[in-house]
Amino acid sequence: MNIGIVCYPTFGGSGVVATELGKALAKNGHNVHFITYSQPTRLDFFNENLFYHEVDIRTYPLFQYPPYELALASKMVDVAQHEKLDLLHVHYAIPHASAAYMAKQILKEKNINIPVVTTLHGTDITLVGKDPSYEPVVTFSINKSDGVTAVSEDLKKDTLEHFDIYQHIEVIPNFIDLNRFKRQKKEHFKTAICPNGEKLLVHTSNFRKVKRVEDVIHVFNNVRKIIPAKLLLVGDGPERIKMEKLCRELGTCEDIRFLGKMEAVEEVLSVSDLFLMPSEKESFGLAALEAMSCEVPVLSSNAGGIPELNINGVTGFTCNVGDVKDMTEKALYILADENLNKFKSAALERAKKFDITNILPLYENFYDKILNKE
Ligand code: GMT
């Protein structure tokens, strides 16, 4: 198949899923054409079946906001026509699904019929998409897609509850490459961070409000009062400065390191004992799956689709959003020497269910179904 993939090229979960899916499809013999405004972060791999097309965004003094959606639709038309795409798969509805709809209409005028698959990732529905400034276009472009997938049952439910959707939504969960995300021997790194055998807690995110990084810091601060512990914070975003201030106020700076954005997050996960994800909303929680795949148990909130991944009492615990007290108790329970190894192996066992080798065929079958409908 010749597949066009449209996504955000950044560290965000939807971009990571789209890029990893494209790489896996290319390894399986499909030609995959990425269409984005810059090279996707995880497109760090050469394969003769992988192509990258950059969207040119022209500015003009009249434009306060350069019309990205139009530039993207034009690029989709160009790539679909000249690379003879069989299908366009857009990740994150805004503005990719509506740009794809426009591209599809333009291609129809040229007697080219190209089906569009839209994958809903989370905030395109739960935060941004629901906003009245986007909702009508999001609803329309979901309904006009030839196929729609959501990354969890909870996201599907949320979409059907908040939008007037008549299109079927297929749930295809996110996935992990267990060959890349596996516990590696990085003992020198662990000794450098935890010289006295402290327990190592970790959080990775884009530091947006929805991630509740302040809960991570409060839980950690409570834990370190009871057992020796260190915390690594990976990623960057709008809340980082506030979080640094909070650490100073709590006097925890010595035990917390902000590592910023990292490519090889699996190296940090390889030496970690507990992953924290107290998010307000999370459609799936890919970062938690990456941790589980590296044998790290997860202490999370029970928001959105997280409980579909993190099994309460087995691979970690799921607590009510903002319940720092409960999270602290559960963190201490997991970290207790007599419990930790059991949680670590359960986390890995669970992660295996989401291995790319199990999920890739679900996408391929879905593409076949959509193409045969045409
Ligand atoms: O907020 C993020 O984590 C980024 C966002 C995105 O779309 O890039 O992530 C969403 O998509 C991920 C991949 O499907 C999911 O694992 C995340 O749970 C989801 N984030 C939220 O729902 C907040």
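## The largest cavity

α1 gives the most to the lining of the largest cavity, with three residues. Both α1 and α11 (286-293) supply at least two residues of this lining. The model is a predicted one, and the volume of the largest cavity comes to about 80 Å³.

Which residues line the largest cavity? They are V16, V17, E20, R42, F175, I176, D177, R180, F181, L286 and E290. Sorted by class, six residues of this lining are nonpolar, five are charged and no residue is polar.

## The second largest cavity

Rolling a probe the size of a water molecule over the atoms shows where empty space is left. Across the whole structure, the search finds two cavities of 30 Å³ or more. The second largest cavity holds about 30 Å³ of space.

Its lining consists of A97, A100, Y101, K104, V116, S141, K144 and S145. Two or more of these residues come from each of α3 (93-109) and α5 (135-144). With four residues, α3 gives the most to the lining of the second largest cavity. By class, the lining of the second largest cavity has four nonpolar residues, two polar ones and two charged ones.

## The second largest pocket

The second largest pocket has a volume of about 280 Å³. There are 13 residues in its lining, and those nearest the centre of the pocket are E20, A24, K27, D177 and I356.

Which element supplies the largest share of the lining of the second largest pocket? The answer is α1, with four residues. At least two lining residues come from each of α1 (13-27) and α14 (356-373). The lining of the second largest pocket is made up of six charged, five nonpolar and two polar residues.

## Packing of α3 with α5

Two packed helices are described by the angle between their axes and the distance between the axes. For α3 and α5, the axes come within 9 Å and cross at roughly 55 degrees. Because of that angle, α3 counts as oblique to α5. The crossing of α3 past α5 is left-handed.

On the α3 side, the contact is made by I94, A97, S98 and Y101, and on the α5 side by V137, V138, F140, S141 and K144. Six of the residues in this contact are nonpolar, two are polar and one is charged. A97 and Y101 of α3, together with S141 and K144 of α5, take part in this contact and are also among the residues that line the second largest cavity.

## Packing of α8 with α12

Helix α8 (residues 213-226) packs against helix α12 (residues 324-335) at an angle of about 50 degrees, and their axes are 9 Å apart. α8 is therefore oblique to α12. In passing α12, α8 makes a right-handed crossing.

From α8, the residues in contact are D215, H218, V219, N222, V223 and I226, and from α12 they are V324, M327, T328, A331, L332 and L335. The contact of α8 with α12 has eight nonpolar residues, three polar ones and one charged residue.

## Packing of α11 with α13

α11 packs with helix α13 (residues 337-352) at an angle of about 120 degrees, and the two axes are 7 Å apart. The crossing of α11 past α13 is left-handed.

Where α11 and α13 meet, L289, M292 and S293 come from α11, while A347, L348, R350 and A351 come from α13. This contact has five nonpolar residues, one polar residue and one charged residue.

## Two backbone details

Most residues other than glycine have a negative phi, and most peptide bonds are trans. Is the peptide bond from I94 to P95 cis or trans? This bond is cis, with omega near -10 degrees. P95 is placed in helix α3, and I94 is one of the α3 residues in the contact with α5.

K84 has a phi near 50 degrees, which is a positive value in a residue other than glycine. K84 is found in the loop between α2 (68-82) and β4 (87-91).

Key
Residues are numbered from 1 along each chain as its sequence is written. This is a predicted model: local features need pLDDT of at least 70, side-chain atom pairs count only at pLDDT 80 or more; totals for chains, interfaces and linings use all residues. Side-chain values use heavy atoms; hydrogens and water are left out. On a 1 Å grid over the protein atoms alone, a cavity is a set of points where a 1.4 Å probe fits but cannot get out, and a pocket is an open set with protein on both sides within 12 Å along at least five of seven lines; lining residues have an atom within 4 Å of a point. Grid points are joined across faces, edges and corners, and a volume is the space filled by probe spheres set on the points. Ala, Val, Leu, Ile, Met, Phe, Trp, Tyr, Cys and Pro count as nonpolar, Asp, Glu, Lys and Arg as charged, and the others, Gly among them, as polar. Axes are lines fitted to C-alpha atoms, for helices over the stretch in contact, and angles run from 0 to 180 degrees between N-to-C directions. Angles under 35 degrees count as roughly parallel, over 145 as roughly antiparallel, 65 to 115 as roughly perpendicular and the rest as oblique. A crossing is left-handed if the near helix is turned anticlockwise from the far one by less than a right angle, and right-handed if clockwise. Contact means heavy atoms within 4.5 Å.
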